[in-house]
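Hi everyone, thanks for making time today. I'd like to walk you through one model, beginning with a strand, then moving to rings and a metal site. Here it is on the screen.

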Amino acid sequence: MRKREKLGIIRNYYPNAMTTIDSLNKLVDFIDDELDIDPSNVMLADSICSDDVNSIQYPSRALELLGPFKMGGLDGFPFTGLTGMGAFASHVPNDGAVFIYYGPHIGVTKTGIIGEINRHGQTKNSSCCGAAKGALKKLMANEIIEGNISEIDYQMNIIEQMLLRQKDRILTAPNPIFEATEVIYEAIDERINELVSRTEYHCKYVVLVGAILINSDTDMGSFTSTKRFDVIDLETNKRKSFLE
Ligand SMILES: [Zn+2]
């Protein structure tokens, strides 16, 4: 399938989606050309779901950057918290930058089904994001208990509580898994910005890219629908959006 056809399927749900490879290429060029920083001095941190598909579909050009530091747990929420953010902030070269890519993920199959992907060697599709779909199923069945956060399934319980707080919005939406993913994005975006504001960096810039990461079938690859592209100049503390 040609790239144009693949994008056609994904853009039915996410009109500004690009292949993850293209969006990373653009970002690396931006850091080099606009910020005048050698990509080898950029520390990448990602806050994306632990799902193996995200390792399988990880863009190889990311290896030109330092890292990645892995902040995300289930569906990309930054579960490593302040300690994680502080840790990699202290690993960045002084003349360099921090680049944080974050967001939930969702599957779109090449037949256009949202919330699923066809994984390598499997005849049947499986859930993507499994955690978001699991929490949504419990939400629909009224099985999420307010305030229930256990040690054995801590991350999942946090996702469940997130959806419970936006129950009506999700269940009345035309596409509940799409909407649940938007809700999770908003929670991740809010938390990442809070973590950034409470962390000290000893480098030149913090680059924030918030997105919905869209996985597809093995032969389709992955896509990115960018929602935030901010650069914080740490010398002036000014923030500028570069989202087109
Ligand atoms: Zn997931």
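Let's start with strand S9, residues 222-233: nine of its twelve residues are buried, so the strand is largely enclosed by the rest of the structure. By buried I mean under 20% relative accessible area, with exposed being over 50% and partly exposed in between, using a 1.4 Å probe and protein chains only. Strands here are DSSP runs of E with at least two residues, helices are runs of H or I with at least four, and both are numbered from the N terminus.

Before going on, a word on the ground rules. This is a predicted model, so local features need pLDDT of at least 70 and side-chain atom pairs count only at pLDDT 80 or more, while totals for chains, interfaces and linings use all residues. Residues are numbered from 1 along each chain as its sequence is written, and side-chain values use heavy atoms, with hydrogens and water left out.

Now, which strands does S9 pair with, if pairing takes at least two DSSP bridges between two strands? One partner is S8, residues 205-215, which runs antiparallel to S9 and is joined to it by eleven bridges. Within that pairing, Asn 215 sits opposite Ser 222. The two strands make a hairpin with six residues between them, and Gly 221 in the turn has a positive phi of about 85 degrees.

Strand S10, residues 238-241, is also antiparallel to S9, with four bridges. There, Ile 232 has Arg 239 as its bridge partner. This hairpin has four residues between the strands, and Asn 237 takes a positive phi near 65 degrees. Strand S1, residues 18-19, is joined to S9 by two bridges, again antiparallel, and Met 18 stands opposite Thr 224.

On to the rings. How many aromatic pairs does a search of the whole structure find? The count is eight, where rings of Phe, Tyr and Trp (its six-membered ring) pair if their centres lie within 6.5 Å, and planes under 30 degrees apart are stacked, over 60 edge-to-face and the rest tilted.

Phe 69 and Phe 88 are a tilted pair, 5.2 Å centre to centre with 40 degrees between the planes. This one links distant parts of the chain, 19 residues apart: Phe 69 is in strand S3 (residues 66-70) and Phe 88 in helix H4 (residues 81-89). Phe 69 counts as partly exposed because its relative accessibility is 21%, whereas Phe 88, at 0%, counts as buried.

Phe 79 and Tyr 154 are edge-to-face, at 6.0 Å and 70 degrees. They are 75 residues apart, with Phe 79 in the loop between S3 and H4 and Tyr 154 in helix H6 (residues 154-165). Tyr 154 is partly exposed at 42% relative accessibility. Ring pairs also link Phe 30, Phe 229 and Phe 242 into a cluster.

Last stop, the zinc ion. Which protein atoms are its donors? They are Cys 49 (SG), His 105 (NE2) and Cys 129 (SG), lying 2.1 to 2.3 Å from the zinc ion. Donors are N, O and S atoms within 2.8 Å of the metal (3.2 Å for Na, K and Ca), and water is not among the atoms, so sites may look incomplete. The sequence spacing of the donor residues is C-x55-H-x23-C. Cys 49 counts as buried at 7% relative accessibility, and His 105 counts as buried at 1%.

How values were computed
Pairing = 2+ DSSP bridges.
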